[in-house]
Amino acid sequence: LVVVSFHSHLSIAVDPSAFAACTHLTLMVAPRASGLVGAVLGGVTVVEDTAANRRRALDLQYWRVQTHGLCSPPRRNWVRAVLLVAHRLRGGSLALPREMWYTILEAIQRCELGPAPR
């Protein structure tokens, strides 16, 4: 996730290879005045900075069922472990509905899930 933000009267030049090593790049948002909108950087097309695209960027920062596949294997395993514990607790006094566990996980940023990718 990359969000480019700067004053609209500035211009910016970005080397197209600057994001080549970003293997987990999903979304890039930049102001129209940047001249980057529509450019392909790191295999991702830069989209205009709009309220909807900012919301998409924010949604990508947090774990969701829809973003689970974007997580690194150790982070996916961390989520699986939490859900397995939840499943194990279902019969006891600490039981919560599955939807509640999802709500709890959705409050966690993806970068906070288990170990960082190597």
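1. One aromatic pair is counted in this predicted model (ring centres of Phe, Tyr or Trp, the last by its six-membered ring, within 6.5 Å). The ring centres of W63 and Y102 lie 6.0 Å apart with planes at 45 degrees, so the pair is tilted (under 30 degrees is stacked, over 60 edge-to-face, the rest tilted). W63 sits in the loop between α1 (51-61) and α2 (73-89) and Y102 in helix α3 (residues 98-105), 39 residues apart. Helices are DSSP runs of H or I with at least four residues, strands runs of E with at least two.

2. W63 is buried at 2% relative accessible area, and Y102 is partly exposed at 27% (buried under 20%, exposed over 50%, partly exposed in between; 1.4 Å probe, protein chains only).

3. There are four salt bridges (a Lys or Arg side-chain nitrogen within 4 Å of an Asp or Glu carboxyl oxygen). One of them joins E48 and R32 at 2.9 Å, N to O. This pair links strand β4 (residues 44-48), which holds E48, to the loop between β2 (28-30) and β3 (40-41), which holds R32. E48 is partly exposed at 28%, while R32 is exposed at 54%.

4. D49 and R54 form another salt bridge, 2.6 Å from N to O. Both are partly exposed, D49 at 23% and R54 at 45%.

5. In the D59 and R55 salt bridge the closest N and O atoms are 3.2 Å apart. The two residues are four apart in helix α1, about one helical turn. Salt bridges with shared partners join R55, D59 and R64 into one network.

6. Numbering starts from 1 along each chain as its sequence is written. Local features need pLDDT of at least 70 and side-chain atom pairs pLDDT 80 or more, while totals for chains, interfaces and linings use all residues; side-chain values use heavy atoms, leaving out hydrogens and water.
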